[in-house]
Amino acid sequence: MGVLMSRRQTVERVQKVSLAVSAFKDGLREQPSTRRRAEAGTARQGTLEQEVEEGEEEALAGPSQPEESSASKAAWERLRDGRGVEPEEFDRAKRFTPPAFIRPKRELHDDEPLDISLEQREQILNDEMCEICEVWTAESLFPCRICHRVYHDGCLRRMGYLQKDSAMEVTETAHTETGWSCYYCDNLNLLLTEEEMYSLMETLRNCKIIPGVCLTQDDFLHYKHQVHKQQFERTMPKAQEEQATLQFNALDPDKKGHIEWQDFLSHESIQLLQKIRSQNALLRLLTAKERERARIAFLALDQDHDGFIGEGECRQARHTWFRKHQKEMQSCNVSISHVGPISEGSPASSRNGKSPEKILPATKQEETSIDWPGFLRENVAYILAARPNSAALHLQPLA
């Protein structure tokens, strides 16, 4: 019996060591000297357990090589944990502890068709208590326009997710038609599974992208060229380079000459989701509020109520309802949750100050007709890309 117990303990020890080594590979490195100090002066027998412990210490010590700076390590850890650009400057003693994000996992049925009703309206109810403090204070709660969560502005400040420059904007938009996305929904990177996140991190590392750093147009195009060459082993065509330039401009609506790290991360996250997951799998990521907004948009386009719209109308929806509108357009009653056609004379209907482009309604006999399920599949990526509060357009619709 004593021999069996000893073997079981040995197996448990080996399992613990395996977990420790895996944690080291993921960046969760602990000080290797902790165990040494705890066991200093204690006689140790020459057993398999001793050899395993020594192997653990050697693995934790790792080969002698230049270590990353603490700032770089922290940036990669934030990226891995889905925290994005969590502020580090404020006093943690007076703040709430940020939540531990749990990345989603793929299910076996994710790629199966999903039945979303067009006729039946979904019942949408927000939570009654603040997601952070779990206290109900009625009208002072800010609802998320994507999910069911609600928040106090004070709780958001203590979490570090509401800074002085954004507090007024949240207060003004949370109860409007435009709405406000909470810190869960605002971060598209949180839609990625652990496997997808590690794939993205590997790509960023190979292309020498530093987390938390803004990218200029040259940086962005160089990155796109590298990714294309690694994937297809050939130079990126001119047409794709032009599309990448348009995407950069869409991510830089204020014409600063660079794109913010969080906008770049959201863009790359939604791009990866498009490449890896099927449209049916993406549909499962939509919330009840997003499905309802899409349903109202489709019904507004289907004026003859036959359950079909034209392909041109579908593209029109992609460019209007499910796109991020610039700040100067907000005063024109144009918002992301807008569900009616944009008038020809509105600022949103013109491009770069040119005369408005009239969209001539083609008959359904002249173009491909799209039903409700097809409309959802064609627009699901753009609906998800519209989640962030940023004015950037994270997924530029094709012309």
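This is a predicted model: local features need pLDDT of at least 70, side-chain atom pairs count only at pLDDT 80 or more; totals for chains, interfaces and linings use all residues.
**View 1. A salt bridge between Arg-149 and Glu-131.**
The side chains of these two residues form a salt bridge, with N and O 3.8 Å apart. Arg-149 sits in the loop between β1 (141-143) and β2 (150-152), and Glu-131 in the loop between α4 (70-81) and β1, so the pair ties together parts that are 18 residues apart in sequence. Arg-149 has a relative accessible area of 18%, and is therefore buried, since the cut-off is under 20%. Glu-131, at 29% relative accessibility, is partly exposed. Side chains of opposite charge can pair when their charged atoms come close.

Arg-157 is partly exposed, with a relative accessible area of 34%. Asp-153 is also partly exposed, its relative accessible area being 27%.

**View 2. A salt bridge between distant parts of the chain, Arg-277 and Glu-196.**
In this pair the closest N and O atoms are 2.8 Å apart. Arg-277 lies in the loop between α10 (261-276) and α11 (279-283), while Glu-196 lies in helix α7 (residues 194-206), and the two are 81 residues apart. Arg-277 is buried, with a relative accessible area of 8%. Glu-196 also counts as buried, at 5% relative accessibility.

**View 3. A network of Arg-106, Asp-110 and Asp-111.**
Across the model, the count comes to 12 salt bridges.

**View 4. The contact of helices α8 and α10.**
The axes of helix α8 (residues 217-232) and α10 come within 13 Å and cross at roughly 25°. Angles under 35 degrees count as roughly parallel, so α8 is roughly parallel to α10. The crossing of the two helices is right-handed. On the α8 side, the residues in contact are Phe-220, Tyr-223, Lys-224 and Gln-231. They meet Phe-264, His-267, Glu-268, Gln-271 and Lys-275 in α10. The residues of this contact divide into three nonpolar, three polar and three charged.

Key
Residues are numbered from 1 along each chain as its sequence is written. Side-chain values use heavy atoms; hydrogens and water are left out. A salt bridge is a side-chain nitrogen of Lys or Arg within 4 Å of a carboxyl oxygen of Asp or Glu. Helices (H or I, at least four residues) and strands (E, at least two) are DSSP runs, numbered from the N terminus. Buried means under 20% relative accessible area, exposed over 50%, partly exposed in between (1.4 Å probe, protein chains only). Axes are lines fitted to C-alpha atoms, for helices over the stretch in contact, and angles run from 0 to 180 degrees between N-to-C directions. Angles under 35 degrees count as roughly parallel, over 145 as roughly antiparallel, 65 to 115 as roughly perpendicular and the rest as oblique. A crossing is left-handed if the near helix is turned anticlockwise from the far one by less than a right angle, and right-handed if clockwise. Contact means heavy atoms within 4.5 Å. Ala, Val, Leu, Ile, Met, Phe, Trp, Tyr, Cys and Pro count as nonpolar, Asp, Glu, Lys and Arg as charged, and the others, Gly among them, as polar.
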